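I set out to record what I looked up in this chain, entry by entry.

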Amino acid sequence: GAVAACSLALMAVAFGLVLLWRVRARHWTSATPYDAALTAVLLFTVTSRVISPQYMVWLLGLAAVCLTSRHTTQRPVAVLVVAATAVSSVVYPGMYGEVVRSTWTGCLLMLVRNGLLAAAAGWSFLRLWRSGPSTEAPHDAGPAGRERAGADTHRIPAGLRTRQ
């Protein structure tokens, strides 16, 4: 009961984080919707009470979709998803008896798979979060161009200025 309640609370936190990212995100690339989908599904999978082996198909598919865009932020996350899928395919069905009997081998395999998924979820959200707002100046502008770019972002439109 306590684990289920904790899992539900973590799922609510995950939803809040994804919502906060969406409200905050200003810079989008063609890959942003794909990256956001992978992040959300990873977060909800990791916070689920049960991580079914079938969920790995969803994650693997979303990771593959992310990799179709050169603008994706999720390349290293996709590697973790592939690794977690590989471990999961060893466990199910081949070593499922080890998991059910809670042997060292079964527990270690589940720990590795779940650890990879947790790392992927955290890294995915972090990479998505950092890709959100764009505050950098154009790359081809020198120091003066960066100052001008920064000044322009805070400029008040002429029709709204008051005379002093």
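My entries follow, from the whole chain down to single residues.

**Basis.** I worked from a predicted model, in which local features need pLDDT of at least 70, side-chain atom pairs count only at pLDDT 80 or more, and totals for chains, interfaces and linings use all residues. Residues are numbered from 1 along each chain as its sequence is written, and side-chain values use heavy atoms, with hydrogens and water left out.

**Whole chain.** I found seven helices and zero strands, in the order α-α-α-α-α-α-α from the N terminus. Helices (H or I, at least four residues) and strands (E, at least two) are DSSP runs, numbered from the N terminus. Of the 164 residues, 30% are buried. Buried stands for under 20% relative accessible area, exposed for over 50%, and partly exposed for the range in between (1.4 Å probe, protein chains only). I noted an accessible surface of about 10500 Å², 66% of it belonging to carbon and sulfur atoms; such areas come from the Shrake-Rupley method with a 1.4 Å probe, and for residues only the protein chains shown count as cover. Among contacts (heavy atoms within 4.5 Å) with a separation of 6 or more, 73% join residues 24 or more positions apart.

**Leu-19.** I located Leu-19 in helix α1, residues 2-24. Leu-19 counts as partly exposed because its relative accessibility is 45%. Together with Phe-15 and Val-23, Leu-19 makes a nonpolar surface patch of about 300 Å². Patch members have over 30% relative accessible area and no salt bridge; like charges are joined within 9 Å, and nonpolar side chains (Val, Leu, Ile, Met, Phe, Trp, Tyr) within 5 Å. A salt bridge is a side-chain nitrogen of Lys or Arg within 4 Å of a carboxyl oxygen of Asp or Glu.

**Ser-88.** I placed Ser-88 in helix α4, residues 75-91. Ser-88 has a relative accessible area of 4% and is therefore buried. Leaving aside residues up to four places away in sequence, Ser-88 touches Pro-53, Met-56 and Arg-113. With Arg-113 there is a side-chain to side-chain polar contact at 3.2 Å (a pair of N or O atoms within 3.5 Å; within protein, one must be able to donate a hydrogen and the other to accept it, and residues adjacent in sequence count only if both atoms are side-chain atoms).

**Backbone.** I checked the loop between α4 and α5 (96-100), where Pro-93 is found; the peptide bond from Tyr-92 to Pro-93 is cis, with omega near 0°. In the loop between α5 and α6 (104-131) lies Ser-102, whose phi is positive, near 55°. Most residues other than glycine have a negative phi, and most peptide bonds are trans. Ser-102 is partly exposed, at 49% relative accessible area.
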